[in-house]
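Keep the 3D view open as you read.

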Amino acid sequence: KIASAHGITVQNLKDWNKLTSNYLYSGDVLIVSKPTGSNNGENNNNNSGSNNQSIPDLSGVTPVSVNYDVKLNGTTQALRNTLSYAGRTHNVVDYFGQRFTVKREFVKGGTKYIELLNSNGSIVGYVPKSASVEVPQGKNVVYLDAGHGGTETGSAANNRKEKDLNLNITSQLSTILRNQGYIVYESRTYDETIPLHERHLEPNSIMPDAYISVHHNAMPIPNTAHGIVTLYHDQSIDEKGYETVDHHIGTDIIPEGKRLANAIQNSLVAITGANDMGTRAQNLHVTRKTDVPATLVELGFQDHDAEFRKLINPSYQKKLINGLVNGINAYFGLTC
């Protein structure tokens, strides 16, 4: 119906938006006309020549001096490595999620373009500003997701709801991280319902440096399992309809998600002495769809009586929170 309304094909929609299935969700934004520089969705990486026309010649434009950082979040725009047509043009998706500093902006034809500098101050190229999101300079940004909430209670055992245990941890964790200088965003700060298929939308719009979803575990049968496990995404656990997002492949998002999971798991086990259930890949919406390194940690089993008594003990909760703080600091190479 969407394709027909715009005089295009379903395959056009899938190619231009890098869709791997026909599923759409509330809040999705779709490209419904052929992207500039596109060849029916084919990747134009490393091509030169006519594809350069997707970015105008900026060599005669007077730049405006600025100073801010961005992460690239475009998937269809072009990136050219020179101001003029003489340079090579890449698909901006090749640089997806990478951070750059912007010192100069150029406006031509009503469109703003930015000059990307790497950490050494060298020019990487020029892209439409619309292919980026501005991020804080000199600050590590963490997004905390208190799992479940509102009508979605999560697991329930021993007359306690998982959603409340999750929020209790993230509320305390966010305060400590802010006091250490982090910028912290939270999916929720009170008991509200956030549909699962929307959990990735806010972090994808702001592109933090790490996404951590906090949960507590339970088993559907009489349970003897106990301990901490931390989960991440990789392509080894893809299944039909739930494949790795195309623009994550070949980036640091997947390996960094695993590194984040390992840092958190190791720190939590070290400080709590809990049973180490390790880290593992698992096909979860929030770790698969979030456009930054992401992990989901299960802090313990509510339905294991001995572990549950620890999980509701404030002194043990403090150990869990400190373990999360230490793991996050380790991920960022800090010793706070």
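## Around the second largest cavity

This is a predicted model. Two helices, H5 (253-272) and H6 (285-289), each give at least two residues to the lining of the second largest cavity. H5 supplies the largest share of that lining, with 4 residues.

If you want to pick the lining out on screen, select His-233, His-248, Ile-253, Ile-254, Gly-257, Lys-258, Thr-287, Arg-288, Val-292, Pro-293 and Ala-294. By type, the residues of this lining split into 5 nonpolar, 4 polar and 2 charged. The space inside the second largest cavity comes to about 60 Å³.

How many cavities of 30 Å³ or more does a search of the whole structure find? The search turns up 2.

## Where H3 meets H8

Now for the helix pair. Helix H3 covers residues 162-179 and helix H8 covers residues 314-331; their axes come within 10 Å and cross at roughly 50°. The crossing of H3 past H8 is right-handed.

On the H3 side, the contact is made by Asn-168, Ile-169, Gln-172, Leu-173, Ile-176 and Leu-177. H8 answers with Gln-317, Ile-321, Asn-322, Leu-324, Val-325 and Ile-328. Sorted by type, the residues of the contact between H3 and H8 come out as 8 nonpolar and 4 polar, with no charged ones.

Conventions: Residues are numbered from 1 along each chain as its sequence is written. This is a predicted model: local features need pLDDT of at least 70, side-chain atom pairs count only at pLDDT 80 or more; totals for chains, interfaces and linings use all residues. Side-chain values use heavy atoms; hydrogens and water are left out. On a 1 Å grid over the protein atoms alone, a cavity is a set of points where a 1.4 Å probe fits but cannot get out, and a pocket is an open set with protein on both sides within 12 Å along at least five of seven lines; lining residues have an atom within 4 Å of a point. Grid points are joined across faces, edges and corners, and a volume is the space filled by probe spheres set on the points. Ala, Val, Leu, Ile, Met, Phe, Trp, Tyr, Cys and Pro count as nonpolar, Asp, Glu, Lys and Arg as charged, and the others, Gly among them, as polar. Axes are lines fitted to C-alpha atoms, for helices over the stretch in contact, and angles run from 0 to 180 degrees between N-to-C directions. A crossing is left-handed if the near helix is turned anticlockwise from the far one by less than a right angle, and right-handed if clockwise. Contact means heavy atoms within 4.5 Å.
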